[in-house]
Amino acid sequence: MSEDILVRLLGASELEAYLDHMMRLDGPARAQRFAAGVDDHFILSHCLHMIVSRTSLIGVFVDGTLRGAAELEVDDDGATGELVMAIEKPWRGRGLGRQLAAAAIAEARRRGVGAVRIDIEATDEATRAIALGHGFRSQGGRRTVTYQLTLDGRGREDTGETPSSRWWNPFRTAARSA
């Protein structure tokens, strides 16, 4: 039986699906994603912060359910983006992380970002393989190793849209029409 897999940017109407996905992460996945053990209250706060952040959210849906997400947070000057990913345990090892990373890199290029950085625990072989497979290069570190991919910055769409406006504008529009 084949699974229907879709990778795409998430919009404001999908905040609940993102929250549900983050709540389904097991303890080790949460600790890996946030570099510390976190509880449900922290996850809720993190998801609500996405409404006003400069973060692009990319999701991977398996049979219509969000099972993994990548966050691309871009610095204010647009020079560097930080990539973090989390995939629910039953769906790891199926290439979803590789697809998420590719979509995040494409989003970084669309936004004109100069470089993408990812911090990986030294023992996390799967994420390191994903990073190296996409051309990231080690910048060093011990327990956590920073990898960076330099982009050319071309192909930027100047839409005037920011990640936060993509999230916030639907709420603002709904409030005005109420």
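Guide: Ile118 is in contact (heavy atoms within 4.5 Å) with Leu83, Met85, Thr127, Ala131, Phe136, Val145, Thr146 and Tyr147, leaving aside residues up to four places away in sequence. The model is predicted, so local features need pLDDT of at least 70 and side-chain atom pairs count only at pLDDT 80 or more, while totals for chains, interfaces and linings use all residues. Residues are numbered from 1 along each chain as its sequence is written, and side-chain values use heavy atoms, without hydrogens and water.

Ile118, Leu83, Met85 and Phe136 are the residues with the most contacts inside the largest nonpolar core, which has 27 residues. Such a core is a set of buried (under 20% relative accessible area, 1.4 Å probe, protein chains only) Ala, Val, Leu, Ile, Met, Phe, Trp, Tyr and Cys residues joined through side-chain atoms within 4.5 Å. At least two residues each come from β2 (55-62), β3 (65-74), β4 (80-87), α4 (96-110), β5 (115-121), α5 (125-133) and β7 (144-150); helices (H or I, at least four residues) and strands (E, at least two) are DSSP runs numbered from the N terminus. α4 supplies the largest share, six residues. Another core, of 18 residues, lies apart from this one and includes Met22, Phe34, Ile43 and Leu66.β4 also gives the most residues, six, to the lining of the largest pocket.

Technical notes: Buried means under 20% relative accessible area, exposed over 50%, partly exposed in between (1.4 Å probe, protein chains only).
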